[in-house]
Amino acid sequence: MKLYNIILSAICVLITCACGNRKGDDGIEIPKNVYLNDSLKNITTIDYVEEENVSDDLLLNGSVTFDESKVSRVFAAFDGVITSLKVETGSYVKKGQILAVVKSSDVANYGKESVSARQAVIVAKRNLQSVEDMYKSGMASEKDVLEARRELNEAKADVKKMGDIFSMYHLNGQSYYQIKSPVSGFVVEKHANESMQVKDESEEPLFVISGLSDVWVLADVYEGDISKVAKGVKARVKVTAYPDRVFEGVVDNIYPVLDEESKTMKARIKLNNNDMSLKPGMFASVYIKGRSSDLVMPKINTNDIIFEDGKNYVVVVGKNGKLLLREITIYKNGDDFTYVSNGLKKGERVINHNSLLVYNALNDD
């Protein structure tokens with residue numbers, strides 16, 4: 001508020017020193033001989049009016065979600081009870097890090113089977129040695145030797161199978177197994193607590209791990225706008241948490257099925273998120289670059305425009321730096337840029353930063 005008063009006072013001094021008022025061509029009272037001097041240049045910025053083909057841009061509602069290609073859902077391998085929980089929601093984990101330890105009778109059974117499999121190999125080796133000795137002395141046939149070798153190979157295969165199971169499910173042979181993270185990322189969901197019973201057939205994962213270096217934004221496209229959206233078109237994304245920041249990407253996928261309730265189709269934008277600014281669940285405003293038309297119009301920064309009493313104005317810097325109020329007609333509003341159908345020409349200069357203060361000061365004269 002203090003800065004506002006200082007700027008307003010400076011502008012009013014300039015206007016008070018002007019030599020009377022006159023009516024402009026558009027009927028607005030404008031001060032006479034008020035110029036953009038060095039003092040005003042220090043507190044304002046100037047935009048140049050550009051001219052280009054009007055594009056059929058879209059503003060879509062959307063939300064930030066996980067990149068499903070980087071999401072891993074972790075389930076219980078065997079029935080049991082969680083005896084130790086190592087992570088919480090939001091924890092960052094590395095691939096192979098222990099998430100929980102589970103006590104399971106199934107693991108105890110696998111331990112017994114592993115012992116039996118190793119003992120079976122010892123027995124099969126002894127049997128093969130005995131049959132080979134008997135074969136040399138003519139007391140056993142070649143078929144007996146082949147059968148003994150087959151039994152040994154099967155026993156070794158069982159040992160390998162048990163070893164693979166122990167390695168895959170992180171068993172220790174003492175009724176316990178470890179649930180480890182298959183990927184590096186954040187624990188974005190946790191449905192596990194100590195002393196909780198777990199089932200290997202449960203449809204709900206105990207943990208959901210996701211990397212957040214990339215995220216998806218899913219935008220809702222209404223039926224009437226489907227033809228305006230295509231894979232590869234540029235998209236700009238804004239979220240409430242960072243109002244002055246724009247995240248840029250492209251539409252990399254369009255889901256072909258409409259939601260039955262909202263009657264919208266999903267367009268997906270993949271965004272780099274190395275600084276972890278974007279969080280799944282955030283609401284997003286998505287600006288899709290549409291096709292350009294043959295219609296050419298002046299384009300200005302949306303922040304240049306002052307709205308009052310149902311009309312739109314800009315502060316124009318005229319010849320020799322003279323300040324003028326100008327009413328404009330807006331053809332199409334955008335987030336950053338606005339197309340103007342009447343009131344401005346290409347190359348004209350308009351006040352951007354602090355334009356409202358200048359406008360108020362000129363109007364108060």
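Predicted model: local features only at pLDDT ≥ 70, side-chain atom pairs only at ≥ 80, totals over all residues.
Residues are numbered from 1 along each chain as its sequence is written, and side-chain values use heavy atoms, with hydrogens and water left out. Local features need pLDDT of at least 70 and side-chain atom pairs count only at pLDDT 80 or more, whereas totals for chains, interfaces and linings use all residues.

Helices (H or I, at least four residues) and strands (E, at least two) are DSSP runs, numbered from the N terminus. Two strands are said to pair if DSSP finds at least two bridges between them. Strands of a sheet pair through backbone hydrogen bonds, either parallel or antiparallel. An open sheet is formed by four strands in the order β6-β13-β11-β8, with antiparallel pairing. Because β6 and β8 stand at the edges with a single partner strand each, one side of each is left without a neighbour in the sheet. Within this sheet, four bridges join β11 to strand β13 (residues 207-210) in the antiparallel sense, and Lys190 has Phe207 in β13 as its bridge partner.

Strand β14 (residues 214-222) has seven of its nine residues buried, so it is largely enclosed by the rest of the structure. Buried means under 20% relative accessible area, exposed over 50%, and partly exposed in between (1.4 Å probe, protein chains only). Strand β5 (residues 58-66) pairs with β14 in the antiparallel sense over five bridges; the bridge partner of Phe66 in β14 is Val215. β14 is also joined by nine bridges to strand β17 (residues 264-272), and the two run antiparallel. Here Leu218 stands opposite Arg268 in β17. The charged end of Arg268 also sits over the ring of Trp216, 4.1 Å from its centre. A charge sits over a ring if NZ of Lys or CZ of Arg is within 6 Å of the ring centre and within 35 degrees of the ring normal. Lys299 likewise lies over the face of Phe337, at 4.2 Å from the ring centre.

A nonpolar core is a set of buried Ala, Val, Leu, Ile, Met, Phe, Trp, Tyr and Cys residues joined through side-chain atoms within 4.5 Å. The largest such core has 27 residues, of which Val217, Ile269, Leu271, Leu278, Val286 and Ile288 touch the most other members. Two or more residues of this core come from each of β5, β14, β15 (234-239), β16 (247-254), β17 and β18 (283-288). Another core, of 24 residues, lies apart from it and includes Leu85, Leu99, Val107 and Ala192.

The whole structure holds three aromatic pairs. Rings of Phe, Tyr and Trp (its six-membered ring) pair if their centres lie within 6.5 Å; planes under 30 degrees apart count as stacked, over 60 as edge-to-face and the rest as tilted. Phe78 lies in the loop between β6 (71-74) and β7 (80-85) and Tyr177 in strand β10 (residues 176-180), so the pair ties together parts that are 99 residues apart in sequence. Phe78 is buried at 6% relative accessible area, and Tyr177 is buried at 1%. Tyr92 and Phe186 form another edge-to-face pair, 5.2 Å centre to centre with 65° between the planes. Tyr92 is partly exposed, with a relative accessible area of 47%, and Phe186 is partly exposed at 22%.
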